[in-house]
Amino acid sequence: MKKYLISLFICLLGMPCIAQIADINSYLKPIINEFNLRWPKNRTINVVFHGHSVPTGYFARQNVNTLDAYPHQTLINLKNKYHTAVINCITTSIGGEQSEQGSLRFKDQVLCMRPDVLFIDYALNDRAIGLERAKNAWSKMIELAQEYGCKIILMTPTPDLTEDILNDDTQLAKHAQEIRDLAAIYEVGLVDSYKIFKEIKESGIDLKGYMAQANHINEKGHKIVANEINKWFNRTTSVEQVANSENKLIIYPNPVKRGEDIVCKVNGATRLIISDINGREISRYDVVDSNSDIIQLSSDKLDLGFYIITSISKNGYIDSKKIVVKQQYY
C-alpha cells in the first residue's frame, strides 16, 4: 500500500499543471482597489496600450481618430466609474508594426511608461511574420512585463474584411487562437475581440457597419472593444454575493427568434435592463410583483443581433447575460 501511494505521488508530480486565463473577477482587483482610493492615498495608475494601427486610432485614409479609439474610450469608461482615481491611458502603438518590431522597443519605450496594466494588440499585422515568430515575440514581451510586475491583458484581433471571420482556418483565426493559448500559458488576462465580432457576424449582422476600412474598425467597432476591456475593470462583488445562486439571472430561449417572448427567471431582482452590444440602454423594467420570479419580455421591437440583459437585485447583486435575437422563419 505504501509503495502504491509513493508511486501515485510521483505520477502526480509528473503531471503537467493545467494553465488557464486569469480570472476576470480577481486579476485586476489590486488595481481596482487603488482606483477607489482618494487623495492623499491615491496615486497615478498607468494603463498602457501596445500594438499597431488599431489602438493608435487609424481609421480610413490615414486619419488618426485618437479620441474615438478604444484606449481613449477605455479612459472615459474608467473615469465614469472611478471618480477619485488618477488614470493615464497611454498608447505606445505604431501603425504598420508587427509584434517582433514591438518587442524590440519594449524595454525602452513601453516599460519606461511604468505600466500598471498593459494591453497587447498585434495580431492583424502578425500574419506577415507567421505564427511561430509571433509566438516568440509575444512571449518575450509577456515575460518582460511579468518580470517588471504589471498586469497583462492580451487582445485577439479585430476583423479584417478580406478574411472570412466564420472560417476557423484563416490566418487571423489561427493567430487569435495562439493568443488565447498564450493567455492561458502565462495565466494573464484576455480580451477576445475576434470572438465578439465573430458572434456578431453569426447573428446575421454585416460587419461592414463596424469598419472604417477593410482592416480598421470604426468608432462603433472601437466601442465594442472598449466594452470588452471595461469588463476587466468592473467593481468586484464579494465572495458571498458571487456564491449566492439565488440572485443569478436565467434567460431562455437563447437565441430567441424575433417575436418570441424572452423568459427571465429573475430570482429576487427588482429591475431588468436590456442594453445593446455597445452598452446603450434600450429599455428597463421594474419588477412589481415580488412573489413572482418569472418575467416575460417581448422581443418584437428588438433588431436582430446581440443584447445584454442585466438584473439588479434588492441586495445590490448584479448579473448580466448575453442574448441573441435571430430572424423568425415561418
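**View 1. Residue classes in the lining of the second largest pocket.** In this predicted model, six nonpolar and six charged residues make up that lining. The pocket has a volume of about 290 Å³.

**View 2. Residues around the second largest pocket.** The lining includes Ile 21, Ile 24, Leu 190, Val 191 and Ile 196. Trp 232 is part of the lining too. Asp 192, Glu 199 and Glu 228 also line the pocket, as do Lys 195, Lys 231 and Lys 322. Two or more residues each come from strand S5 (189–191), helix H10 (193–202) and helix H11 (219–231). H10 gives the most, with three residues.

**View 3. An open sheet of five strands.** The strand order is S9-S15-S14-S11-S12. Pairing is mixed. Strand S9 (256–257) and strand S12 (281–286) stand at the edges. Each edge strand has a single partner, so one of its sides has no neighbour in the sheet.

**View 4. The S11 and S14 pair.** Strand S11 (residues 269–276) and strand S14 (residues 305–313) run antiparallel. Seven bridges join them. In one of these strands, S14, Tyr 307 is the bridge partner of Asp 276.

**View 5. The chain as context for the close-ups.** The chain holds twelve helices and 15 strands. Of its 330 residues, 47% are buried. Among contacts with a separation of 6 or more, 71% link residues 24 or more positions apart.

Definitions and conventions: Residues are numbered from 1 along each chain as its sequence is written. This is a predicted model: local features need pLDDT of at least 70, side-chain atom pairs count only at pLDDT 80 or more; totals for chains, interfaces and linings use all residues. Side-chain values use heavy atoms; hydrogens and water are left out. On a 1 Å grid over the protein atoms alone, a cavity is a set of points where a 1.4 Å probe fits but cannot get out, and a pocket is an open set with protein on both sides within 12 Å along at least five of seven lines; lining residues have an atom within 4 Å of a point. Grid points are joined across faces, edges and corners, and a volume is the space filled by probe spheres set on the points. Helices (H or I, at least four residues) and strands (E, at least two) are DSSP runs, numbered from the N terminus. Ala, Val, Leu, Ile, Met, Phe, Trp, Tyr, Cys and Pro count as nonpolar, Asp, Glu, Lys and Arg as charged, and the others, Gly among them, as polar. Two strands pair if DSSP finds at least two bridges between them. Buried means under 20% relative accessible area, exposed over 50%, partly exposed in between (1.4 Å probe, protein chains only). Contact means heavy atoms within 4.5 Å.
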